[in-house]
Amino acid sequence: MATVKEFSVEEKLSSLVNLQKIDSKLDEIRILKGELPMEVADLEDEIQGLYARQTRIEEEINGVTEFINQRKEAIKEAEALVKKYEKQSENVKNNREFEAINKEIEMQQLEVKLAEKHIKDANEEIAEKAITLEKAKKNIGMKEGVLASKKSELEKIIAANEQEETQYLKQAEAARAAVDPRLLASYEKIRTNYRNGLAVVPVERDACGGCFYAIPPQKQSEIRQHKKVMVCENCGRILVDEELNNNIEI
Ligand SMILES: [Zn+2]
């Protein structure tokens, strides 16, 4: 044991802060990359859904158009019947027959009016659907624009950070090796407990830089003395003074 190199608390804390700063850089890169692919995937799903909606509206318009054509056919048939009955009425033998034919003509004329009303309503429906369709198409165009820019943003981030990430990974490996093993174990454990990955934080404005819990002056002075490793009693993070923290640049 005597040959093992003993580090001072200050050295231990310094190498820990160094590691934290490198790990935080790597976390940043991961976050940058981690959100964009999800956003891109979400947008792709959304656009697919919008296209399905567009197709549905188009099919609905086709359906209504078909209905209009059917009603137009019905009008033609009814008008042909009216003509036929009018011709028949020229050769009626008695009043009763005349009345019966007239009734038929009236029925067919009513049929025409009804079909015309249906066509008018259907045309209004198509006009409404056409507006919805236009809006849907515009929305798709807009989303596709956003998707394209997100995709290129992601590609840029990947390209821009690849070098940096490789460099930080190398640095982190070296920094990790320099940290006292027991301290490293606690550091890793604390890091996994917090989403922002901060395990070592400076005291800032008289408070823990991780949870903002107030640190009493007595404790702050102990932290500055670097006699032992101090932790925040609220969040358990390792505390260092601002000066030590600021002195370490990566
Ligand atoms: Zn805290």
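Student: What ground rules apply here?
Tutor: The model is predicted, so local features need pLDDT of at least 70 and side-chain atom pairs count only at pLDDT 80 or more, while totals for chains, interfaces and linings use all residues. Residues are numbered from 1 along each chain as its sequence is written, and side-chain values use heavy atoms, with hydrogens and water left out.

Student: Which residues of helix 3 are buried?
Tutor: Buried means under 20% relative accessible area, exposed over 50%, partly exposed in between (1.4 Å probe, protein chains only). Leu183, Leu184, Tyr187, Ile190 and Arg191 are buried. They cover an arc of only 130° around the axis, so they sit on the same side of helix 3; the arc is taken from directions from the helix axis to the C-beta atoms.

Student: Which residues are exposed on the other side?
Tutor: Pro181, Arg182, Lys189, Thr192 and Asn193. Proline 181 counts as exposed because its relative accessibility is 63%.

Student: Where does a charge lie over a ring face?
Tutor: The test is NZ of Lys or CZ of Arg within 6 Å of the ring centre and within 35 degrees of the ring normal. Arginine 237 lies over the face of tyrosine 194, at 3.6 Å from the ring centre.

Methods. Helix = DSSP H or I, 4+ residues; strand = E, 2+ residues; numbered from the N terminus.
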